[in-house]
Amino acid sequence: MNQTAGQLVYFYVPGYKPNYIEYAMTFYPMNIILCLEDGTPEDKKLEARYVVKHALQAFADSEHTLIVRINSVHTPYWEQDLEEIVPQRPGRIRVPMVKSAEDLRLVERKVQDIIQARSLDYSPVYEVMIECREAIANIASIHEASANIHAFTFGGTDYYNDCVAKGLPDPVREVRQAKQQLGEYCRSKGLQCFDTTYMAFRDMEGFRQDCLLSREYGFTGRSVIHPDQVALVQEIYGTSIA
Amino acid sequence: MQCMNMVPELTDRLVYEYVAPILKEYGLADLSPQIWFNGANEWVVRSRCEALRSMLNAALEREEVAG
């Protein structure tokens, strides 16, 4: 199997930094995630929403797949995020902190309302983020909640924090088990499955080992935060496991 | 409107003629804005203007509700 970066690599860009977005557009074609959520501070949420809206317009003909990570339905921002970005027809919508099927249905209903109200020629495609224990327990019902799921993606930092908040004795083991469960589920259903970012971007050997393990679990691609990580993701996830 | 050109390679007039129509389009030109132009592309200028317009609209709505 020889896959391109456009299928394997997911490059996060903070939505409130237009210069970062323009820089990302100079890379060879890949998936660019314009982040309105954790990559954008609270006091920049509104500003980021409009930067991302206009970036989607300006780069509509780009060879990159532009994905927008909206704010979660558990925040006050998600509806306005969708109001502004759905009319720009993003390549995919990444939905963070989905805990249950109802969370995803909320997003899908809102998106469909916007499409109908504005008579848009647009079929949304979702990437659903699994970031807490509740989500792993509900994975099958979440999957059944929408026919438009392209992939599940794992949010490692938030999952770890969820385990700590619940007082679990070994959050590292919990994260590992969750990744195994998610990878196995996606493999059994033929779904794409993208692993979490590796924040220590200077530790290339550590990243390599993490990617190898992730691929064994069933992950088919990865989110990255630094250009130096791209080639390694393509190398490891782009080859089939013997 | 005050427009401070921070890009020495561009003339002040060029910058003004570039920025002023966008501000007018978003209903901001008459609000005596102070602009510091650092060389942003048009899509970025538009995003800033629309964000500001959105904030002003929200503030005006709150004032109306408060009476």
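Colleague: So buried area is the accessible area (1.4 Å probe) that two parts lose on being put together, summed over both. How much do chain B and chain A bury between them?
Modeller: About 1000 Å², with 63% of it on carbon and sulfur atoms. Trp43(B), Arg48(B) and Glu50(B) supply 58% of the area that chain B buries against chain A, more than any other three residues.

Colleague: Okay, and what sort of model is this?
Modeller: This is a predicted model, where local features need pLDDT of at least 70 and side-chain atom pairs count only at pLDDT 80 or more, while totals for chains, interfaces and linings use all residues. Residues are numbered from 1 along each chain as its sequence is written, chains are lettered from A and ligands numbered from 1 in the order in which they are written, and side-chain values use heavy atoms, leaving out hydrogens and water.

Colleague: How many salt bridges are there between chain B and chain A?
Modeller: There are 2, counting a side-chain nitrogen of Lys or Arg within 4 Å of a carboxyl oxygen of Asp or Glu. Lys53(A) pairs with Glu50(B), the closest N and O atoms being 2.6 Å apart.

Colleague: And what does Arg48(B) meet in a salt bridge?
Modeller: Glu47(A), at 2.9 Å from N to O. That pair crosses from helix α2 (residues 42-66) of chain B to helix α3 (residues 45-58) of chain A. Helices (H or I, at least four residues) and strands (E, at least two) are DSSP runs, numbered from the N terminus.

Colleague: Switching topic: what do the strands of chain A close into?
Modeller: A barrel of 8 strands, in the order β1-β2-β3-β4-β5-β6-β7-β8, with parallel pairing. Strands pair if DSSP finds at least two bridges between them.

Colleague: Which strand does β1 of chain A pair with over 3 bridges?
Modeller: Strand β8 (residues 221-224) of chain A, in the parallel sense; β1 covers residues 9-14. Within that strand, Arg222(A) is the bridge partner of Val9(A).

Colleague: Which strands does helix α11 of chain A touch?
Modeller: Helix α11 (residues 230-237) packs on the sheet, touching β1, β7 and β8 of chain A, where contact means heavy atoms within 4.5 Å. Its direction makes about 170° with that of β8(A). For such angles, axes are lines fitted to C-alpha atoms, for helices over the stretch in contact, and the angles run from 0 to 180 degrees between N-to-C directions.
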